[in-house]
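Visitor: Could you take me through the features here, giving the general idea before each case?

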Amino acid sequence: MTEAIGTEPTSTIRLTVNDTLHALEVPDRKLLSDVLRQDLGLTGTHVGCEHGVCGSCTVQLDGEPVRSCLMFAVTAQGHEVKTVEGVGNDPENPSDVQQAFIDCHGLQCGFCTPGFVTTIDAYIDENPKPTEEEAREAVSGNLCRCTGYQNIVAAVQRAAELRAEGARQ
Amino acid sequence: MKPSPLRIHRPTTIDETLDLLSEHAASGKVLAGGQSLVPVLNMRLAAPSDLIDITAVSGLDELSVAGAEGRAEITVGATVTHRQVERSEEVAVANPILGEALSFVAHPAIRNRGTTVGSIAHADPNGEIPMILALTGGRVEVRSTRGQRTLSAEELNIGPLETSLESDELITRATFPALPAGSRAGFDELARRSGDYGLAGVGMILDVEGATVKGLHCGFISVTDVPEVLNLGEAVSGAHLRDASEVADTVVDAVRDFIDPGGDIHATADYRRHLTGVITSRLFRRLCRTDSAQGRNTDSRMTGTDTERRRV
């Protein structure tokens, strides 16, 4: 399974991202966040603090939010990875969470936004009708340095409304 | 790439894992959820040559509550995530303080990957889980190619971030006893921001018979080097629940004398000592309330919104 290029241990891996299976050769030490961005060109996943605090790199692993900077790509084999591109990648047809961010002006510079979107996308399935306090708690693991939290909290509740409407239709 | 070069092994059986650990004892590390280990690697505070990823190993994913009523035990395998433990109704019934403390471990995105046994192995005195293991009288099972042994929390924790594990040993599971009937338990901590390590934190188990206090055990985070348990049974035994206000001062004084906080850029030692007393007082009074404090906590954990609890 492993083969050395120089002194660097590498592995050939099969990685499912946004429902597409990729075969890649990557250094064992390469983080999932870097493989998504550099090897697969999925630059929606942002890299901020790279030690798990900021939440910008959040992706879904088997439907649950996780930090892609705290995982080696090698260890993501056998799991379904969903990035922000998998949540919605069409400006003409945004996902419910993305539409909620537009409706509520939930982004300023936008750097942290993909991490919020992947987090909220999973959260509103778990809690389809969050109160403001719950919405605030739900995004407390993601940092926004523009301090746009007020509108982001509103976007969580708006996204839940949009999803409920979508489910009814 | 932030970590230094390393090789990742992905064994699928415990025997294979133990062989790899034995082979790479000098410079190998076990990787489970990685939520404490990978930051250390990303910052290059550690540079192991080999990581042994145990997440695909069969037989390490047990999460169960078993045993006779009053003597039940929760078993948590090495690859069980915090979230799985936190979401288990059975665990919440058997040992509510475990789930309560877990809700303070970072954020859901971290708890989705981080493992409960991994926290114990990491032995961070700022961590909630090593303290809960000590406070509830739990133990860990440890295996290596040389055999198997069982360690109490006291035997395991020998210093900050330091355990008595040998480098070729793997904690295969942790066992948390259910709380005895009649006991009330609670956990609280204060952090500067939601999900940060607590500046101070307290876990408490109060034994009650009727309306009379029979015993009290306290554990602490961030203010002792290892998860030590303070037994205040003598100080409180015989007190009536409605006298909580008078007894609380005695408890707070004993706790402030017992702990040994250090100061750092986040808080001075005096401030941590002060906070520990404040949390102790509030927690003790809450547990002494005659309307069941336990029920309230269970409800709030299930909705995941106990914000009042966070604002100490």
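**Reading the two chains**

Guide: Over residues 1–181 of chain B the chain is 32% helix and 25% strand, with the end C-alpha atoms 52 Å apart; helices (H or I, at least four residues) and strands (E, at least two) are DSSP runs, numbered from the N terminus. This is a predicted model, in which local features need pLDDT of at least 70 and side-chain atom pairs count only at pLDDT 80 or more, while totals for chains, interfaces and linings use all residues. Residues are numbered from 1 along each chain as its sequence is written, chains are lettered from A and ligands numbered from 1 in the order in which they are written, and side-chain values use heavy atoms, with hydrogens and water left out.

Visitor: What is the area buried between chain A and chain B?

Guide: The size of an interface is often given as the accessible area lost when the parts come together. Here buried area (the accessible area, with a 1.4 Å probe, that two parts lose on being put together, summed over both) is about 3,000 Å² between chain A and chain B, and carbon and sulfur atoms give 56% of that. A:Arg29, A:Leu70 and A:Phe72 supply 22% of the area that chain A buries against chain B, more than any other three residues.

Visitor: How many salt bridges are there between chain A and chain B?

Guide: A salt bridge is a side-chain nitrogen of Lys or Arg within 4 Å of a carboxyl oxygen of Asp or Glu. Between chain A and chain B the count is four, and the side chains of A:Glu126 and B:Arg87 meet in a salt bridge at 2.9 Å, N to O. On the side of chain A that touches chain B, strand 2 (8–17), strand 5 (64–67) and helix 5 (132–138) of chain A each supply at least two residues, and strand 5 of chain A gives the most, with four residues.

Visitor: How many aromatic pairs does a search of the whole structure find?

Guide: Rings of Phe, Tyr and Trp (its six-membered ring) pair if their centres lie within 6.5 Å, and planes under 30 degrees apart count as stacked, over 60 as edge-to-face and the rest as tilted. The search finds two such pairs over all chains. The rings of B:Phe104 and B:Phe187 have centres 5.3 Å apart and planes at 65°, so this pair is edge-to-face.
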